[in-house]
Amino acid sequence: MPVSTWTPVGRWTGTVTHDGEVDDYTVTFEPDGSLTVVTKKSTGTGSWTVTGDDALEFSLREDFNVDITQISPNGHRAAYIQIDISARRDGDTIAGEGKAVVHGPDDVVIYATGAQTEARRVS
């Protein structure tokens, strides 16, 4: 079986859809398998791995900015989200879905939801 030479290394801009909301983000996939993400209300770090010819998985912890009071759909204050996504590449677009687990300031899980994402490579 041939080994894929494709990687997502570089900068991408996209949206994530969850709970009827759509949020914009920018993610940078680094050559060492790490990633960083920035949104209007959070920043995060994580890792990625290619899992097939046009497939990848990534996982990250997204911390809400200190000046943001983020309330979960069930009414609790959120501190960060653990996100795990499986995605596929189609040209300069990646699209995928996964799970977002929201944690409170005391590290307790307060909410979990599905998430769908689509991003385009920035040249």
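The structure holds two salt bridges. A salt bridge is a side-chain nitrogen of Lys or Arg within 4 Å of a carboxyl oxygen of Asp or Glu. Side chains of opposite charge can pair when their charged atoms come close. This is a predicted model: local features need pLDDT of at least 70, and side-chain atom pairs count only at pLDDT 80 or more, while totals for chains, interfaces and linings use all residues. Residues are numbered from 1 along each chain as its sequence is written, and side-chain values use heavy atoms, leaving out hydrogens and water.

**Arg 89 and Asp 54**
- Arg 89 forms a salt bridge with Asp 54, with the closest N and O atoms 2.5 Å apart.
- Arg 89 lies in strand E8 (residues 80-90) and Asp 54 in the loop between strand E4 (42-52) and E5, so the pair ties together parts 35 residues apart in sequence.
- Strands (E) are DSSP runs of at least two residues, numbered from the N terminus.
- Arg 89 is partly exposed at 26% relative accessibility.
- Partly exposed lies between buried (under 20% relative accessible area) and exposed (over 50%), using a 1.4 Å probe and protein chains only.

**Arg 61 and Asp 63**
- Arg 61 and Asp 63 meet through their side chains in a salt bridge of 3.0 Å, N to O.
- Arg 61 is partly exposed, at 36% relative accessibility.
- Asp 63 is partly exposed too, with a relative accessible area of 28%.

**Glu 62**
- Glu 62 lies in strand E5 (residues 55-64).
- Glu 62 is buried yet has no salt bridge.

Terms used:
Helices (H or I, at least four residues) and strands (E, at least two) are DSSP runs, numbered from the N terminus. Lys and Arg count as positive and Asp and Glu as negative; His and the chain ends are not counted.
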